[in-house]
Amino acid sequence: MPDPEIGQVTVLGIDDWAKRRGQQQAPDPQQVAEQANATHADNRPRVVRARQLYERVQGLKAEGKNVTAVTRELGLAPGTSRRYYHAANVEEVTAALLTGWPSMLDDYKPHLHQRWNAGCTNIQQLHREVTALGFRGSYTTVYAYLAPFKGKAAPPAVPAPPKVRHITSWIRRRPGQP
């Protein structure tokens, strides 16, 4: 039996798991897509360089050189060399450039954006506020994040994806357990 045809989706709900965790609504897919495209546009030169470096490392690997020789020949940091050497494909290397690494600030970005847009642009004050909320990072981390917003409004903060340990705990728990 064929599946029934689905019309245009006009409302995006939130799943029961996320609701139990205190989230009120799912992120707007259009907004997330626009932000991802803007981020990808900013990262394109880095992605091109990463692809070129991946090809060079894999070329040396194909010649039979080990990680240490590749590190020495290309003048790379050992960790970078290992990551490119052992990567199964170029997407494995470029994924972090496109999506970004998790940040210590992820849990505090909504607060920072809300306060910045409310008119508090004193970064020292904002650092004190997030520290009072539990942030354990430095002033420099907060400054580096907020500096591009100077003189303009901060864009709406996109919630960070759930951490692996949280997803694992959701899967392992029995339904009905908090």
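The chain holds nine helices and zero strands, where helices (H or I, at least four residues) and strands (E, at least two) are DSSP runs numbered from the N terminus. Read from the N terminus on, its elements therefore follow the order α-α-α-α-α-α-α-α-α. This is a predicted model, in which local features need pLDDT of at least 70 and side-chain atom pairs count only at pLDDT 80 or more, while totals for chains, interfaces and linings use all residues. Residues are numbered from 1 along each chain as its sequence is written, and side-chain values use heavy atoms, with hydrogens and water left out.

**Confidence**

- The mean pLDDT of the chain (the predictor's confidence in each residue, from 0 to 100) is 79, and 72% of the residues reach 70 or more.
- Confidence is lowest in helix α1 (residues 16-20), with a mean of 54, and highest in helix α7 (residues 123-132), at 96.
- Where pLDDT is low, the predicted coordinates should not be read in detail.

**Burial and contacts across the chain**

- Of the 178 residues in the chain, 24% are buried, a term that means under 20% relative accessible area, with exposed meaning over 50% and partly exposed in between (1.4 Å probe, protein chains only).
- Among contacts (heavy atoms within 4.5 Å) in the chain with a separation of 6 or more, 54% join residues 24 or more positions apart.

**Packing of α3 against α4**

- Helix α3 (residues 67-74) and helix α4 (residues 78-86) pack at an angle of about 120° with their axes 9 Å apart, the axes being lines fitted to C-alpha atoms, for helices over the stretch in contact, and the angles running from 0 to 180 degrees between N-to-C directions.
- The two helices are therefore oblique to each other, since angles under 35 degrees count as roughly parallel, over 145 as roughly antiparallel, 65 to 115 as roughly perpendicular and the rest as oblique.
- The contact is made by V67, V70 and T71 of α3 together with P78, S81, R82, Y85 and H86 of α4.

**A69 and S81**

- A69 lies in helix α3 and is partly exposed, with a relative accessible area of 21%.
- S81, placed in helix α4, is buried, with a relative accessible area of 0%.
- Leaving aside residues up to four places away in sequence, S81 touches V57, V67, V70, T71 and L76.
- The C-alpha atoms of A69 and S81 are separated by 9.7 Å, the two residues being twelve residues apart along the chain.
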